[in-house]
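Dear colleague,

Please find the structure we discussed below.

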Amino acid sequence: MKIAFFSTKPYDQLSFTTVNQQFHHELVFLEPRLTLETVSLAAGFPVICAFINDDLSQGVLEKLAENGTRIIALRCAGFNNVNLEAAHKLGLVVVRVPAYSPYAVAEHAVGLILMLNRKLYRAYNRVRDDNFSLVGLLGFDLHGKTVGIVGTGKIGECFAKIMKGFGCRLLAYDPYENPVCVELGVKYTDWRSLLAQADIISLHCPLMPETYHLINEESLAQIKPGAMLINTSRGGLIDTRAAIEAIKSGQLGYFGTDVYEEEENLFFEDLSDTVIQDDTFQLLQSFPNVVITAHQAFFTQEALGNIAETTLQNIALVEARKPCPNQLHS
Ligand code: NAI
């Protein structure tokens with residue numbers, strides 16, 4: 001199949017080209033993000049491959065269908081950027097990669113916790129500057145602390161296993177209990193109790209209309225004062241302005257995030273020579289108890305290989321009109 005890849009970087013090209021030796025699709029790598037302005041680049045391609053910040057809203061989907069695209073292959077797990085109902089009305093098949101390395105994301109969440117708690121970002125810079133003072137670097141033992149896991153699917157489960165290894169008490173909030181987590185000793189609780197008891201809250205649920213701004217002014221008022229919040233899921237789960245206010249008042253003690261509500265205008269690009277226009281992001285960046293990474297939690301060698309393999313396999317199955325377990329239905 002002839003596939004147009006949007007939002008590609010050199011690492012995507014490398015992983016997909018390598019894995020494609022088994023599949024023999026025709027791959028065309030495009031750098032631009034898929035938007036209404038760039039959708040014409042997909043003309044004549046029966047398949048397009050898109051990533052998390054590509055725009056797959058109704059208008060873009062209509063243009064894709066008009067120009068002959070039949071399959072949309074997401075090379076990611078989340079699909080909050082796709083209007084599935086519109087896609088199905090237009091006869092577009094949408095496939096995704098539901099799991100490629102839950103370890104990658106869970107391990108990154110733990111990385112953010114350690115970084116914030118032990119202030120590793122400050123320690124690293126200090127030592128490079130021959131400043132060997134420990135003042136301001138005081139952390140806390142993770143052992144014995146309560147961790148609240150929001151969403152205990154594939155990533156939440158891996159995260160629970162790691163945090164259990166640290167000797168943490170594990171609470172979870174999820175409409176569905178995961179038996180592996182129950183076996184591990186995770187205690188399922190209601191939303192309010194999780195907020196009130198957790199020293200660290202880590203988000204591992206999808207972004208959907210019901211979870212949009214799950215962390216807002218009201219929920220932040222209910223957390224344990226000084227608690228840590230970690231988000232490696234989707235930026236829209238948190239009302240960033242409310243988080244900023246909670247950081248300023250001291251209610252939120254630490255904030256580590258790999259995602260940001262308006263990240264499509266920033267992440268994955270080198271903007272180091274640019275004046276960033278997003279004042280909210282700049283304010284968030286300025287706090288000493290905030291660590292931001294630019295949607296890199298998935299970014300391990302293993303994950304990239306698995307993403308390429310599942311994506312190309314999904315396309316091959318749909319092309320062969322065989323059932324594809326990773327097809328999304330509205
Ligand atoms: P999953 O589908 O295995 O698990 C999601 C869990 O969230 C399920 O157990 C579900 O019942 C639960 N859930 C749904 N609504 C909820 C609610 N209102 N409150 C609490 N829990 C709720 O998904 P997986 O693979 O664990 O991924 C989780 C999220 O991580 C994805 O939706 C995606 O947004 C994000 N992600 C981020 C990456 C990154 O690089 N930062 C990479 C991959 C995924």
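The axes mentioned below are lines fitted to C-alpha atoms, for helices over the stretch in contact, and angles run from 0 to 180 degrees between N-to-C directions. Please keep in mind that this is a predicted model.

Helices α1 and α12

Helix α1 covers residues 10-19 and helix α12 residues 301-319; their axes come within 9 Å and cross at roughly 55°. Angles under 35 degrees count as roughly parallel and 65 to 115 as roughly perpendicular, so α1 is oblique to α12. The crossing in which α1 passes α12 is right-handed. On the α1 side the contact is made by Y11, S15, F16 and V19, and on the α12 side by L304, G305, I307, A308, E309, T311 and L312. Sorted by class, this contact of α1 with α12 has 7 nonpolar, 3 polar and 1 charged residues.

N20 sits in the loop between α1 and β2 (26-29). Is N20 buried or exposed? Its relative accessibility is 11%, and buried means under 20%, so N20 counts as buried. With neighbours within four places in sequence left aside, N20 is in contact with H25, L27 and L312. L312 also belongs to the α12 side of the contact with α1.

Helices α10 and α11

For helix α10 (residues 240-249) and helix α11 (residues 279-286), the axes come within 11 Å and cross at roughly 30°. The two helices are therefore roughly parallel to each other. Here α10 passes α11 in a left-handed crossing. Which residues make the contact? From α10 they are T240, R241, I244 and I247, and from α11 they are T280, L283 and L284. By class, the contact of α10 with α11 has 4 nonpolar, 2 polar and 1 charged residues.

Helix α6

Helix α6 (residues 154-165) has 12 residues, which at 1.5 Å a residue should span 16 Å; its end C-alpha atoms are 17 Å apart, so the two values agree. The buried residues of α6 are G156, E157, C158, F159, A160 and M163. What do these buried residues pack against? Their partners are the helices α4 (102-117) and α7 (179-184), together with the strands β6 (146-150), β7 (169-173) and β9 (200-203). Just after α6, G167 takes a positive phi of about 85°.

Regards

Notes
Residues numbered from 1 in each chain as written. Predicted model: local features only at pLDDT ≥ 70, side-chain atom pairs only at ≥ 80, totals over all residues. Heavy atoms only, no water. Helix = DSSP H or I, 4+ residues; strand = E, 2+ residues; numbered from the N terminus. Parallel < 35°, antiparallel > 145°, perpendicular 65-115°, else oblique. Left-handed = near helix turned anticlockwise from the far one by under 90°. Contact = heavy atoms within 4.5 Å. Nonpolar A, V, L, I, M, F, W, Y, C, P; charged D, E, K, R; others polar. Expected span 1.5 Å × (residues − 1). Buried < 20%, exposed > 50% of the residue type's maximum accessible area, 1.4 Å probe, protein only.
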